[in-house]
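Please look through the sequence and the model before reading on.

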Amino acid sequence: MTTRSLVVAPQWIGDAVMSQPLLAALAARGETLAVAALPWVAPVYRAMPEVAEVFDLPFAHGRLDLKARWRLGRGWAGRFERAYVLPNSIKAALLPWFAGISERIGYQGEGRPLLLNRRRPNPAEARPPMVAFYAALAEAPDAPAPARDAVADPVLHLPPERVRKVLTGLGLSRRGYWAMAPGAEYGPAKCWPASHYAALARTLHQQSGQPVVLLGSGKEAAMAQGIADEAGSGVQVLAGRTTLDEAMALVAGARGLVSNDSGLMHVGAAFGLPQVAVFGSTSPEHTPPLNTRAEVIWLRDELGLDCAPCFQRVCPLGHTRCLAEVAPPRVETALLQRVAAAERELDHPVAGLRVVR
């Protein structure tokens, strides 16, 4: 008999993407998956064919909402035999407990002996590779965590007609534009300078004749508009003007993507997009873009930056050299090389590589 399982999703887009190999493994062994996710993350799970149902959670970010969680959990009583709690917080584990789900799986986290009855010990590393961190939840609590290279890379899928509809509505064609995601939810210490994005956008448009679209949340709209103003013609600001579903379609249909370490970076990787990711305060050893067509630029070793990764929202030293010294021509060269290699694959596919058409 099929096991009906509830997955309580993480609250960040990138983490949601990195949980996909876990969900694929669960579905492959016969579990029917429903995912409970906050609305700004839920579209990621709707791009995973292994997920049968997605619930948009009605909770505010950062709030306990105890009564609402109890009502929702009680409404799920009897629906699921198993639950996987991906976040480490106590409040994330409340829903399965309120629902009376008999098998509740997750990491020890903040201390959840009552709420979870199959608990993996917290990893020894402060910041483990996240794909392997989530994938370990498919194993017995006392089993060793899988090695990173033993876990498949995340993969997302969107119907081609869905991508086509979004692009057509914006006057764009598949592979006929460049995408940039210049923001990062965590803070400016993750963001390549806006002036560098502007210089790159101007060069890409001038050399290819193709437009550049700037993606992101409403919080990043003003920054994106500043980039467009500095870059000149050929740059379209879509930050804050699309849903996440639409932004994902725009990433999937782009010729190439340039971003910081952000949620859209992981979305691009899961679509197999040629991309360049500029890292600053965070580490590609922890959350890299898992994509054979991705290139990471991180200057820690090249510049001898003992301060990196600092994992701070704002550079504590005030210089952000790890980002400012990544010159736009270097990113352009890396991007064009990745795009050229991917376009050769379209004509002569290589076994083992995902071809995105």
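How many of the residues of strand 10 (residues 256-260) are buried? The answer is that 5 of its 5 residues are buried, and strand 10 is thus described as mostly covered, where buried means under 20% relative accessible area, exposed means over 50%, and partly exposed lies in between (1.4 Å probe, protein chains only). Helices (H or I, at least four residues) and strands (E, at least two) are DSSP runs, numbered from the N terminus. This is a predicted model, in which local features need pLDDT of at least 70 and side-chain atom pairs count only at pLDDT 80 or more, whereas totals for chains, interfaces and linings use all residues. Residues are numbered from 1 along each chain as its sequence is written, and side-chain values use heavy atoms, with hydrogens and water left out.

In a regular strand the side chains alternate between the two faces of the sheet. In strand 10, G256, V258 and N260 lie on one side and L257 and S259 on the other, and both faces are covered. Strand 10 also has neighbours in the parallel sense: strand 7 (residues 178-181) pairs with strand 10 over 4 bridges, and strand 11 (residues 275-278) likewise pairs with strand 10 over 4 bridges, two strands being counted as a pair if DSSP finds at least two bridges between them. Within these pairings, M180 has V258 of strand 10 as its bridge partner, while S259 has A277 of strand 11 as its bridge partner.

Another part of the model to follow is an open sheet of 6 strands, which has the order 3-2-1-4-5-6 and parallel pairing. Strand 3 and strand 6 (118-120) stand at the edges, each with a single partner strand, so one side of each is left without a neighbour in the sheet. Neighbouring strands of this sheet are turned by 20° against each other on average, direction ignored. Strand 2 (residues 31-37) and strand 3 run parallel and are joined by 5 bridges, and V35 is partnered there by V54 of strand 3. Strand 4 is joined to strand 1 by 4 bridges and to strand 5 (residues 103-107) by 4 bridges, with S5 standing opposite R82 of strand 4 and A83 standing opposite R104 of strand 5. From strand 4, R82 and Y84 point one way and A83 and V85 the other way, and all of these residues are buried.

Helix 2 (residues 20-28) lies across strand 1 (3-8), strand 2, strand 3 and strand 4 (82-85), and runs at about 150° to strand 2; axes are lines fitted to C-alpha atoms, for helices over the stretch in contact, and angles run from 0 to 180 degrees between N-to-C directions. The buried residues of helix 2 are Q20, P21, L22, L23 and L26, and the helix is followed by G30, whose phi is positive, near 100°.

Helix 7 (residues 160-169) can be read face by face. V163, V166 and L167 of helix 7 are buried. Seen down the axis of helix 7, its buried residues fall within an arc of 95°, so they line one face of the helix, the arc being that of the directions from the helix axis to the C-beta atoms. The face turned away from this buried side carries the exposed residues E161, R164, K165, T168 and G169. After helix 7 comes G171, whose phi is positive, near 70°.

What covers the buried residues of helix 7 includes helix 10. The axes of helix 7 and helix 10 (residues 244-253) come within 9 Å and cross at roughly 100°. The two helices are therefore roughly perpendicular to each other, a term that applies to angles of 65 to 115 degrees. Helix 7 contributes R162, V163, V166 and L167 to the contact, and helix 10 contributes D245, E246, A249, L250, A252 and G253, contact meaning heavy atoms within 4.5 Å.

Some backbone details lie in loops. D65 has a phi near 50°, a positive value in a residue other than glycine, and is placed in the loop between strand 3 (51-56) and helix 4 (66-75); D65 is buried, with a relative accessible area of 17%. T320 also has a positive phi, near 50°, and lies in the loop between helix 12 and helix 13, but T320 counts as partly exposed at 22% relative accessibility. P309 lies in the loop between helix 12 (300-303) and helix 13 (321-324), and the peptide bond from A308 to P309 is cis, with omega near -5°.

Technical notes. Angles under 35 degrees count as roughly parallel, over 145 as roughly antiparallel, 65 to 115 as roughly perpendicular and the rest as oblique.
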